[in-house]
Amino acid sequence: MTETILVTGAAGFVGGRLVPALQRGGFTVVSHGRADGDLAEAPPTTAATCVVHLAGRTFVPESWTDPLAFYRDNTLATGGVLEYCRRTGARLVHLSSYVYGPPEHLPVAESHPRRAFNPYALSKILAEDLIAFHEARFGLKAAVIRPFNLYGPGQDERFLIPTIIRQIVNPDCASIVVRDVQPKRDYLFVDDIVELILPVVRSGATGVFNAGSGRSVSVAGIIDMLASLAGISKPVSVSGDVRPGEVMDVVADTAAAARAFGWTPRVSLRDGLGITLDAAKRRHP
């Protein structure tokens, strides 16, 4: 019998790739977007045996100017999904991120303390706490996947890599302007997170799983790699607009996902950036 998977945020950056991947894997997929109802106001109504919860706000800087929207769309909306799971017995696969704060050590394993260092992080930690409560009190079966810095074609252009690419390919941009060239992040190509979600859904696994490449690269390194791929050389300017509580380096420990599912990222950073750059050139020739 074909299993039905409800995907929230199905039209988003990850959801747009996950839905067809699930369908190719033999699942029946029901997509849920804003037009289908506000998750913070009411749980979904469609019958499904598993929910992959991707919906929510993701642009961290915006959380400083409108924190209430993040608490609503990331925390309360998760509460609506949990009510659906409680009522129907569906299991949950939930994407979370940015919950560790400035690392106490590298690489960062799932056992690392969580620390709310911006409103976005707080909204995701609160959502995780709701999930843990429902696991303990209502018998929810849940898996939490914590991707580090996702990137790829179609990402919101406010994020770092699309911002750099836009300036590289735009002939009217004489230089590349970023806040800071020093912070290092663990970047994961979007197709690789889909390749982790699939076995989590298929197996019905529970627990918490990091998802990352296992190495970090600075903003300067990303700029150099993209400029090399584009065959373009432009000066780099730093605005000096440092975000509060900036994390200067982070690396994911992904051993748990490797042990449970044999998962390792397939797309190298250089290849992923090349794919993303090519897609941007097609959109803005």
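This is a predicted model: local features need pLDDT of at least 70, side-chain atom pairs count only at pLDDT 80 or more; totals for chains, interfaces and linings use all residues.
Residues are numbered from 1 along each chain as its sequence is written, and side-chain values use heavy atoms, with hydrogens and water left out.

Q: In what order do the six strands of the open sheet run?
A: Strands here are DSSP E runs of at least two residues, helices are H or I runs of at least four, and both are numbered from the N terminus. Two strands pair if DSSP finds at least two bridges between them. The edge strands, β2 (28-32) and β10 (207-211), each pair on one side only. The pairing is parallel, and the order is β2-β1-β3-β4-β5-β10.

Q: Which residue of β5 is the bridge partner of L95?
A: Strand β4 (residues 91-95) and β5 pair in the parallel sense over four bridges. L92 has A142 as its bridge partner in β5. For L95, the partner in β5 is I145.

Q: How many residues of strand β5 are buried?
A: Buried means under 20% relative accessible area, exposed means over 50%, and partly exposed is in between (1.4 Å probe, protein chains only). In a regular strand the side chains alternate between the two faces of the sheet. In β5, A142, V144 and R146 point one way and A143, I145 and P147 the other, and all are buried. So β5 (residues 142-147) is mostly covered, and its buried count is six of six.

Q: Is H94 buried or exposed?
A: H94 is found in strand β4. Leaving aside neighbours within four places in sequence, H94 is in contact (heavy atoms within 4.5 Å) with H53, T78, K124, A127, I131, A143, V144 and I145. Its relative accessibility is 1%, so H94 counts as buried.

Q: How are α3 and α4 oriented to each other?
A: Axes are lines fitted to C-alpha atoms, for helices over the stretch in contact, and angles run from 0 to 180 degrees between N-to-C directions. The axes of α3 (residues 67-88) and α4 (residues 119-138) come within 8 Å and cross at roughly 15 degrees. Angles under 35 degrees count as roughly parallel, over 145 as roughly antiparallel, 65 to 115 as roughly perpendicular and the rest as oblique. The two helices, α3 and α4, are therefore roughly parallel.

Q: At about what angle does α3 run to β3?
A: Helix α3 lies across β1 (4-8), β3 (50-53) and β4. Its direction relative to β3 is about 170 degrees.

Q: Why is helix α5 largely enclosed by the rest of the structure?
A: The buried residues of α5 are I161, P162, T163, I164, I165, Q167 and I168. They pack against β6 (149-151), β7 (176-178), β9 (187-189), α7 (219-230) and α9 (269-283). Helix α5 (residues 160-169) is largely enclosed because its buried residues number seven of ten.

Q: How far apart in space are D180 and A90?
A: D180 is found in the loop between β7 and β8 (184-185). At 16% relative accessibility, D180 counts as buried. Leaving aside neighbours within four places in sequence, D180 is in contact with V219, V238 and M248. D180 and A90 are 90 residues apart in sequence, and their C-alpha to C-alpha distance is 44 Å.
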